[in-house]
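Biologist: I would like a close look at a single part of this model. Please keep it brisk.

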Amino acid sequence: MVEIVPIIAAGLSAASSAVGAISQAQQASAQAGFQEHQAKIEKQNAFLAREAAGFAAVGQREQGRRALARQRSSIGRSGLQLAGTPLAVIEDLAVAAETEALTKEFEGEINARGAELRAQEALFRANQTKSGIGAGLLGDFLQIGSGVAGAL
């Protein structure tokens with residue numbers, strides 16, 4: 001005669017293992033959702049980095065235009081002609097202002113690309129987490145079935 005206690009114990013053990021496996025799958029799913037959310041945030045950060053760099057570059061160019069206007073005004077009041085050294089000074093100011101504006105744009109692009117790479121990494125981790133859920137559950141349930149069969 002088959003004793004019922006080992007069968008009940010095997011059933012309870014299997015149920016406990018199944019609940020644990022499902023709980024792990026839910027945690028992995030939540031982790032994948034968090035990683036996808038992080039990817040969205042990083043994509044927004046990339047957009048904002050480019051926008052901020054564009055505004056900073058516009059501001060830098062405006063500041064450069066004002067500096068050039070002040071220099072021209074100063075040269076005009078002094079009675080000098082806009083040739084030779086005064087012209088070279090104005091050209092140097094213009095080049096410096098544009099270089100600074102381009103530097104701001106470049107820095108923004110570097111920040112944006114960093115954010116995009118972090119977004120790709122977060123999506124990769126999310127996909128890895130998701131792909132492991134099914135395989136993990138299958139393995140857990142096969143192990144549970146093996147344990148129950150061994151108890152019988």
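Modeller: A contact, or touch, here means heavy atoms within 4.5 Å. This is a predicted model, where local features need pLDDT of at least 70, side-chain atom pairs count only at pLDDT 80 or more, and totals for chains, interfaces and linings use all residues. Residues are numbered from 1 along each chain as its sequence is written, and side-chain values use heavy atoms, with hydrogens and water left out.

Take Gln-60. Its place is in helix 1. Helices are DSSP runs of H or I, at least four residues, and strands are runs of E, at least two, numbered from the N terminus. Gln-60 is buried because its relative accessible area is 14%; buried means under 20%, exposed over 50%, and partly exposed in between, with a 1.4 Å probe and protein chains only. Leaving aside residues up to four places away in sequence, Gln-60 touches Ala-97, Glu-100, Ala-101 and Lys-104.

Now compare Glu-42. Helix 1 spans residues 4-78 and holds Glu-42. Glu-42 counts as buried because its relative accessibility is 13%. With residues up to four places away in sequence not counted, Glu-42 touches Ala-115, Arg-118 and Ala-119.

Then the setting. The protein chain has two helices and zero strands. Of its 152 residues, 19% are buried. Take the chain's contacts between residues at least 6 apart in sequence: 86% of them join residues at least 24 apart. The chain exposes about 10,300 Å², and carbon and sulfur atoms supply 61% of that. Accessible areas come from the Shrake-Rupley method with a 1.4 Å probe; for residues, only the protein chains shown count as cover.
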